[in-house]
Amino acid sequence: MKFGIIFYAILGILALFIGIYLLQYFILLSIIFFIGAFINVVFIHKEYSLHKNDKIEYDENSIPDEVIVKYSRSGRIIAIATYSIFVILGLFFLSGLKLKFNGTVLVVLFILLGFIGYFIFKIISQVRKISEIMISINGKGIQIKNNARYLWNEIQLEKIIVKRLVSRESKHDYKPEINYLYFFHNDEKIEINIDDFDITDYQLSQVLKIFRARFNNSGVI
């Protein structure tokens, strides 16, 4: 964790100084580097929060009647800021375009407008994701998005599993890990990638154990 925070801090400071330097030449480009510095600050906060939250131990009294899992807010902020960089790049090139009514200029104009429009659409989609409920866990069972709730008496082997991405190039190198919420509903295997959510794998694992214990102790068949 410390290496990650130091790395992002160095990148953020470099981006900040470059942004300040470019203010006197290209304001739009300087804004891009300021956004880059902001993104690195969010990355630092995200790294720190993940490390801090993984140490939290839940118990029966600390878990409410329902746990709602949404997309990571910091992840959405990073995505929105990143897409904003592309929008500003498009505006930068658009501002330098000499508007003459010929075929080449019109093609470039349409490409730039399409480029800007695409990333504005991506920003809007990320904003919508902030309030979207991805997983709901309560005394009845587990609900994924707006699908029907999977009931506890129909669920088996609920847990968090880790898969490692392996390719020919990375066979002997570091293998990225992906965390999944995993369970069987009757004979159907369900896997949900949870790495982009506002809960860590350890937290969700504790939540699953507590709600399973509540259901078992309730005597409901």
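## Arg76 and Asp196

Arg76 is buried, with a relative accessible area of 5%. In this predicted model, Arg76 forms a salt bridge with Asp196. Their closest N and O atoms are 3.0 Å apart. The pair joins distant parts of the chain, 120 residues apart. Arg76 belongs to helix α3 (residues 73-95). Asp196 lies in the loop between β7 (188-193) and α5 (201-218).

Asp196 has 28% relative accessibility and so counts as partly exposed. Arg76, at 5%, falls under the 20% cut-off and is therefore buried.

## Arg212 and Glu158

Arg212 and Glu158 also meet through their side chains in a salt bridge, at 2.7 Å from N to O. This pair too links distant parts of the chain. Arg212 sits in helix α5, and Glu158 in strand β5 (residues 155-164), 54 residues away. Both Arg212 and Glu158 are buried.

Lys163 is partly exposed, at 36% relative accessible area. Glu191 is partly exposed as well, at 26%.

Lys189 joins the group: Lys163, Lys189 and Glu191 are linked in a network of salt bridges.

## Whole structure

A search of the whole structure finds five salt bridges.

Terms used:
Residues numbered from 1 in each chain as written. Predicted model: local features only at pLDDT ≥ 70, side-chain atom pairs only at ≥ 80, totals over all residues. Heavy atoms only, no water. Salt bridge = Lys/Arg side-chain N within 4 Å of Asp/Glu carboxyl O. Helix = DSSP H or I, 4+ residues; strand = E, 2+ residues; numbered from the N terminus. Buried < 20%, exposed > 50% of the residue type's maximum accessible area, 1.4 Å probe, protein only.
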